[in-house]
Amino acid sequence: MRASNQSPFTFPVFHSFDCLESLRLLREAPLKLIDQDCSDLLLTERVGMGCDFSKYTACCMGTEEYGHPAPEDQVDGENEDNAVEGIDLPRFHEFTIDQLRRATSGFAVENIVSEHGEKAPNVVYKGRLDNQMRIAVKRFNRNAWPEAQPFLEEARAVGQLRNQRLVNLLGCCCEGDERLLVAEYMSNDTLAKHLFHWENQPMRWAMRMRVALFLAQALEYCTSKGRALYHDLNAYRVLYDDDYNPRLSCFGLMKNSRDGKSYSTNLAFTPPEYLRTGRVTPESVTYSFGTLLLDLLSGKHIPPSHALDLIRDKNLQMLSDSCLEGELTNDDGTELVRLASLCLQSEPRERPNPKSLVAALIPLQKDSEVPSHVLMGIPDGAATFPLTPLGEACLRMDLTALHEVMEKMGYKDDEGAATELSFQMWTNQMQETLDSKKKGDAAFRLKDFKTAIDGYTQFIDVGTMVSPTVYARRSLCYLMSNMADEALNDAMQAQVISPVWYIAFYLQAVALLAMGKENDAQMALKEGSSLETKKSTN
């Protein structure tokens, strides 16, 4: 609650406040939501999907791109931008639909991370490539881009961008009538989640100003590379990476369809010139950035016309976030309001460009030496989720405990496997397959892991039946035999078959720990603990 009704700021009257009449179109615009397409927004809270999305992030980048050798004809210096920006990402790649189908477990519903789930016009999935890199895959409506060439040209252009302030576009797929984008996977929710729907603590002022600066830097970079247009900039387009640094989604650098709307949110937040012309300009992007500044100041999504009315009347009780009491100084608040008002000028040419915004936001930075995850109230960036007892055992690499749990579980997580087995037992080949599985199970029980590997391998090689438990058991056998690479491959295969099975993630975590990849192992442990906790409470 607020301590008083007195605003902590002294606000001068800016030129832009006298232009409110020109925003009449916005104030009179209906507040009714048009068809909202936030399909490329990665959210934790999904409606009706039955599970939260994975927080396990990109890992194990090797010398090959996407599981294939790098082309020999790569031009020298082609990746210079990557080195300049301090990031190491593969070049833009055109994927096949089979690669992306495999990466997303057949576009499984469990892997949907779009805000509106399957109902979104363009659905986004989490996935993992053959080289284990975590990705986000945006699958467009089949009517969005009917012609392949315009889609490819746009995707390739955006895919040339490489910057640590962006969620970078890794590739695309344009096969038949399929149109998909492939981007880096961001593991820690959106600005909307942390700003509007926070759980543990509100976002601190220093972090809010860091968000503003990083986004302005992202826009400045895109502008410098000839991509000044950004479609529907809002708090859902801002995603947090493993270190809780905010990044701007690359999906907004492309429209949701060749001839589709560039703004799909509430009309009250749309630039006034867009309502008149239907065209997005660089100045329109600056206007949307101004609405984000208001979001950061207020902690709410306030229509800009209403916010400007409050500023003009010096009635800022509804504008400044009460959670910022004691953090927000008069000078900083005044400067942010000045910047927001300039961005929201009714005359587009009077709005500042991204370079000017960066220069104005740098002096507002606080605690610049403090890591973002600390500002977000997460003391240890790797420990964002409490581990279950089994998760703790995996962290200790206690393979004996994992063996006991898996032995007790049996095959109850193999949905439909028992029916398939009994139906096909009459064939000699199937009987041999079952015998090899029984051989593996008996050896697994007796901790004869070499024999178990042989039995399970015979079962898998026949290929008649698919069992996530068999892959999981062979994975543990490989771990017991100090064969971490093989164990990781089997654990990943178990997850492909059963995307929300926590045992598969635990096995991946132990394998990654054995390979010395502690950060990636921590993410897998969190995912496993989250899924295990969710299953135990259902």
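**Aromatic cluster, strands and charges**

Analyst: F140, W145 and F151 make up one aromatic cluster. Rings of Phe, Tyr and Trp (its six-membered ring) pair if their centres lie within 6.5 Å, with planes under 30 degrees apart counted as stacked, over 60 as edge-to-face and the rest as tilted. This is a predicted model, where local features need pLDDT of at least 70 and side-chain atom pairs count only at pLDDT 80 or more, while totals for chains, interfaces and linings use all residues. Residues are numbered from 1 along each chain as its sequence is written, and side-chain values use heavy atoms, leaving out hydrogens and water.

User: How many aromatic pairs are there by this rule?

Analyst: Ring centres and the 6.5 Å limit decide what is a pair. With that rule, the count is five.

User: What kind of aromatic pair do F140 and F151 form?

Analyst: Their ring centres are 5.7 Å apart.

User: What kind of pair do W145 and F151 form, and why?

Analyst: The centres of these two rings are also 5.7 Å apart. Because the planes of W145 and F151 stand at 65 degrees, the pair is edge-to-face.

User: Is W145 buried or exposed?

Analyst: Buried means under 20% relative accessible area, exposed over 50%, and partly exposed in between (1.4 Å probe, protein chains only). W145 has 4% relative accessibility, so W145 counts as buried.

User: How many bridges join β5 to β6?

Analyst: β5 and β6 form a hairpin with two residues between them. L169 stands opposite A183 in β6. The two strands run antiparallel, and the number of bridges joining them is six.

User: Why is β5 largely enclosed by the rest of the structure?

Analyst: Strand β5 covers residues 169-175. It is largely enclosed because the buried residues among its seven number five.

User: Which ring does the charged end of K437 sit over?

Analyst: A charge sits over a ring if NZ of Lys or CZ of Arg is within 6 Å of the ring centre and within 35 degrees of the ring normal. The charged end of K437 lies 4.0 Å from the centre of its ring, and that ring belongs to Y411.

How values were computed: Helix = DSSP H or I, 4+ residues; strand = E, 2+ residues; numbered from the N terminus. Pairing = 2+ DSSP bridges.
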